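Welcome! Have the picture ready as you read.

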Amino acid sequence: MKKGIFPPLAVLAAVLAFCIWNGAAMESNSHRWQEQLQEAAAQASAENWPAAVDILQKSYQDWSERQTYLHIVTGHGVVDEAEAMYRRCGAFAAVQEGSEFQAELAGLQEQLRLLAEMERFSLRNIL
């Protein structure tokens, strides 16, 4: 009877380890994307639109490279909304619409924070 308990415990331990790793990875990714967006906002505030657009494009590329993973581990709605916000930021940057760009960036940063929070290993997310 004691032999029968170890495989389920091993599976539970593996799931727990994955949950902790996933939360840390999502937090790290989200933090990096937010820093990139803050830099884009700073460049836009300084009226350096070419740099702001370049930073935003690099952040979007970084984001896009993780789409498959994001769609596997988190809710599609949050990921899709962040995707749409990235695109709106790009449109505002292209026409150099400062106030709209800054507002959309702030919303996108909050969306990315929410994404990381949803994947954080915590009692609140378990219950």
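## Arg66 and its partner

Arg66 counts as partly exposed because its relative accessibility is 25%; the classes used here are buried (under 20% relative accessible area), exposed (over 50%) and partly exposed in between, with a 1.4 Å probe and protein chains only. Arg66 forms a salt bridge with Asp62, and their closest N and O atoms are 2.4 Å apart. A salt bridge here is a side-chain nitrogen of Lys or Arg within 4 Å of a carboxyl oxygen of Asp or Glu. Asp62, at 11% relative accessibility, counts as buried.

This is a predicted model, in which local features need pLDDT of at least 70 and side-chain atom pairs count only at pLDDT 80 or more, while totals for chains, interfaces and linings use all residues. Residues are numbered from 1 along each chain as its sequence is written, and side-chain values use heavy atoms, with hydrogens and water left out.

How many salt bridges does the rule give? The count comes to 9. In general, side chains of opposite charge can pair when their charged atoms come close.

One of these pairs is Arg87 with Glu83, whose side chains meet at 3.2 Å, N to O. Both are in helix H4 (residues 76–94), 4 residues apart, which means about one helical turn separates them. Helices here are DSSP runs (H or I, at least four residues), numbered from the N terminus. Is Arg87 buried or exposed? Arg87 is exposed, at 54% relative accessibility, whereas Glu83 is buried, with a relative accessible area of 16%. Elsewhere, salt bridges that share partners join Arg32, Asp62, Glu65 and Arg66 into one network.

Another pair is Glu81 with Arg88, with the closest N and O atoms 3.2 Å apart. Glu81 is partly exposed, with a relative accessible area of 33%, and Arg88 is partly exposed, with 33% as well.

## The nonpolar core

Which residues touch the most other members of the largest nonpolar core? Of its 26 residues, they are Leu56, Trp63, Tyr86, Phe101, Leu108, Leu112 and Leu115. A nonpolar core is a set of buried Ala, Val, Leu, Ile, Met, Phe, Trp, Tyr and Cys residues joined through side-chain atoms within 4.5 Å. The elements giving two or more residues to this core are H1, helix H2 (49–64), helix H3 (67–73), H4 and H5. H4 gives the most, with 7 residues.

Leu56 has contacts (heavy atoms within 4.5 Å) with Leu37, Ala40, Tyr86, Cys89, Gly90, Ala93, Phe101 and Leu105, leaving aside residues up to four places away in sequence.

## Helix H5

Helix H5 covers residues 98–119, and its 22 residues should span 32 Å at 1.5 Å a residue; the end C-alpha atoms are 32 Å apart, which agrees. The expected span is 1.5 Å times one less than the number of residues. Among the buried residues of H5 are Phe101, Leu105, Leu108, Leu112 and Leu115, together with Glu104 and Gln109.

Ile5, Phe6, Leu9 and Leu12 make a nonpolar surface patch of about 430 Å². Ile5 lies in the segment before helix H1 (6–45), and Ile5 counts as partly exposed because its relative accessibility is 46%. Patches are made of residues with over 30% relative accessible area and no salt bridge, with like charges joined within 9 Å and nonpolar side chains (Val, Leu, Ile, Met, Phe, Trp, Tyr) within 5 Å. Accessible areas come from the Shrake-Rupley method with a 1.4 Å probe; for residues, only the protein chains shown count as cover.
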